[in-house]
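Dear colleague,

I am passing on the structure below, together with notes on what came out of the analysis. Please read the notes with the structure open beside them.

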Amino acid sequence: MCDYSGRLIAWMDGELAENEAPVVEQHVQSCEPCREQVAAYEEVSRDFAAYCDAALEAATATKVSRKLPSWVPVAVGAAAAAGLLLLALLPPTVKQVEPVPQAGIATPPAVEVPRARPLKPAARRHVAAQRKAPDENWAMAGPAIQIAIPADAMFPPGAVPEGVTYIANLSLKSDGSVQGLRLQP
Amino acid sequence: MSGDSFPLDLSLPRFATDSCEATTLFLELRKPLLRYLAGLGLSGDEAQDVVQDAFLSLHQHLAAGGSRANIRSWLFRVAHNRARNCQQSYARRMGKPLDPVFDSMSRDATPEQAVLAQERFHRLDRAIRSLECQERECLMLRAEGLRYREIGEVLRIPTSTVADMVDRAIKKLAEKCNV
């Protein structure tokens, strides 16, 4: 091993004393092994600098990937494509049923169904009262259905005083006939 | 009246000078500082925070009339000390190999060249991680262009020790990487 090998890196870095640097330089020019060593040290130094660049790049890349993993765009894209495909393949949930023409029977003209009118304030108030104090003794066969029936359609004229409203609780049999009726003022 | 006048010390020119100097240093040293901190194992966010803290300290240092001598090593020392508080990051980083965005480094290479370059990089990575902590720090600061004297100021070790460490570390890397 050459005597100068311990000073080659310091010489490369310009860290030798002013009187020492020219001596080493002159030696390197004339010594083949030292020239090769200097070339190797320079290569390692370059690689190390590239390593530092890569470390910074990796730190920045980690920051980006933490915000948005690389699989996220793929997964989102696949999910969106699957959703669109599903929408395209599935039949619409509401089908428009065409009337089937029967022989000898003319298709009736479309009848405009009148819009449901809002209940009277009094009726709403009763509904509210019913919710507040339900009759627990009354066995309801199924979910309650509210039907507004004019009093004169059920009772003879004059039987029901003016301004009084009743709530009729009906229970129905499976065949649709009335099983029970209870009136609540 | 003119004989009684006193020199008026306006701090504005000095402030402007300090700000200009700090801005110049920021533009010059921000990336080297970030690279050094990333090499120490800090995450991108941590490195950004440390660099901002270091420049804030620099501004306060200059505003308080601190010494302008060796300001580069002063900045690296502040950043180094701040980074030392992130020991967990350092251990995490040095506990596993650096798997860089290698594709970007070998984008234009053929597949064979890319494989060879990757192997070489991993060999270098293992060699670097086998270095002593202070040897590695010396090389990182040297890679950022600091003189041995400045490295000694950052790490608070004698210049002759820096020279020995750099010499030893480069030779170890050359030997382990078969250069």
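How many residues does the contact take from chain A and how many from chain B? The contact takes 25 residues from chain A and 28 residues from chain B, where two residues are in contact if their C-beta atoms, placed from the backbone, lie within 7 Å. Before going further, please note that this is a predicted model, in which local features need pLDDT of at least 70 and side-chain atom pairs count only at pLDDT 80 or more, whereas totals for chains, interfaces and linings use all residues. Residues are numbered from 1 along each chain as its sequence is written, while chains are lettered from A and ligands numbered from 1 in the order in which they are written.

On the side of chain A that touches chain B, helix H1 (8-12) and helix H3 (32-67) of chain A each supply at least two residues, and H3(A) provides the largest share, 21 residues. Helices here are DSSP runs (H or I, at least four residues) and strands likewise (E, at least two), numbered from the N terminus. By class, that side of chain A has 15 nonpolar, 4 polar and 6 charged residues, with Ala, Val, Leu, Ile, Met, Phe, Trp, Tyr, Cys and Pro counted as nonpolar, Asp, Glu, Lys and Arg as charged, and the others, Gly among them, as polar.

Chain A itself has 5 helices and 2 strands, and its pattern along the sequence is α-α-α-α-α-β-β. Of its 185 residues, 10% count as buried, that is, 20 or more other C-beta atoms lie within 10 Å of the residue's own.

Leaving aside neighbours within four places in sequence, B:Leu33 is in contact with B:Val51, B:Ala54, B:Leu75, B:Phe76 and B:Ala79.

Within chain B, the axes (lines fitted to C-alpha atoms over the stretch in contact, with angles from 0 to 180 degrees between N-to-C directions) of helix H2 (residues 44-63) and helix H3 (residues 71-84) come within 9 Å and cross at roughly 135 degrees. Among the residues that make this contact are B:Val51 and B:Ala54 of H2(B) and B:Leu75 and B:Ala79 of H3(B). The residues of the contact divide into 8 nonpolar, 1 polar and 2 charged.

With best regards

Terms used:
Buried ≥ 20, exposed ≤ 12 C-beta atoms within 10 Å, placed from the backbone.
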